[in-house]
Amino acid sequence: HQIALLDGGVLGAKASVQVVVPFQSEIWAASRDPPDKETPMCTLKHFPYMPTHTVHWAKELFDLLFTTTPESVNSYLTTSTPNFLKAIE
């Protein structure tokens, strides 16, 4: 079946295309993408498939709940409305 193959795929925000021409290009499974430095957020939030994804997701949630949100509130209370604390007392 000496027919050319056009293979395409998507994983998270990455996309790939490979053209395979019989007897002229490398075989279909010969090329591999380099490993990701970190897991894409869409994988962590929607399709976690490894235990490390769960750990990473939990760390992100912990940072959001106990670091980012309190810092935002403190910043708002100290800079945006100086009389806010007096108003609620």
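L65 is partly exposed, with a relative accessible area of 47%, where partly exposed covers the range between buried, under 20% relative accessible area, and exposed, over 50%, for a 1.4 Å probe and protein chains only. L65 belongs to helix 2, and helices here are DSSP runs of H or I with at least four residues, while strands are DSSP runs of E with at least two, both numbered from the N terminus. The model is a predicted one, in which local features need pLDDT of at least 70 and side-chain atom pairs count only at pLDDT 80 or more, whereas totals for chains, interfaces and linings use all residues. Residues are numbered from 1 along each chain as its sequence is written, and side-chain values use heavy atoms, with hydrogens and water left out.

**Overall build**

- The protein chain holds 3 helices and 2 strands, and from the N terminus on these elements follow the order β-β-α-α-α.
- Of the 89 residues in the protein chain, 6% count as buried.

- L65 is one of the residues of a nonpolar surface patch of about 610 Å², which is made by W57, L61, F62, L64, L65 and F66.
- A patch takes residues with over 30% relative accessible area and no salt bridge, joining like charges within 9 Å and nonpolar side chains (Val, Leu, Ile, Met, Phe, Trp, Tyr) within 5 Å; the accessible areas come from the Shrake-Rupley method with a 1.4 Å probe, and for residues only the protein chains shown count as cover.
- A search of the whole structure finds 1 salt bridge, a term that stands for a side-chain nitrogen of Lys or Arg within 4 Å of a carboxyl oxygen of Asp or Glu.
- That salt bridge joins the side chains of D63 and K59, at 3.1 Å from N to O.
- D63 and K59 are 4 residues apart in helix 2 (residues 51–80), and therefore about one helical turn separates them.
- D63 itself is partly exposed, at a relative accessible area of 26%.

- The largest pocket has a volume of about 330 Å³, and among its 11 lining residues the closest to its centre are D7, S16, Q18, S31 and D33.
- Strand 1 (5–11) and strand 2 (14–20) are the elements that give two or more residues to the lining of this largest pocket, a lining that divides into 3 nonpolar, 5 polar and 3 charged residues.
- The second largest pocket holds about 190 Å³ of space, and its lining consists of L11, K14, D36, E38, T39, P40, T43, Y49, M50 and H53, which divide into 4 nonpolar, 3 polar and 3 charged residues.
- On a 1 Å grid over the protein atoms alone, a pocket is an open set of points where a 1.4 Å probe fits, with protein on both sides within 12 Å along at least five of seven lines, and lining residues have an atom within 4 Å of a point.
- Grid points are joined across faces, edges and corners, and a volume is the space filled by probe spheres set on the points.
- Ala, Val, Leu, Ile, Met, Phe, Trp, Tyr, Cys and Pro count as nonpolar, Asp, Glu, Lys and Arg as charged, and the others, Gly among them, as polar.

**Loop and N-terminal residues**

- F23 lies in the loop between strand 2 and helix 1 (41–46), is exposed at a relative accessible area of 75%, and has a phi near 65°, a positive value in a residue other than glycine.
- The C-alpha atoms of F23 and Q2 are separated by 8.7 Å, although the two residues are 21 residues apart along the chain.
- Q2 sits in the segment before strand 1 and is exposed, with a relative accessible area of 65%; its C-alpha atom is 8.1 Å from that of V21, 19 residues apart along the chain.
- A29 is found in the loop between strand 2 and helix 1 and, at 49% relative accessibility, counts as partly exposed.
- A29 and Q18 are 11 residues apart in sequence and 9.9 Å apart in space, C-alpha to C-alpha.
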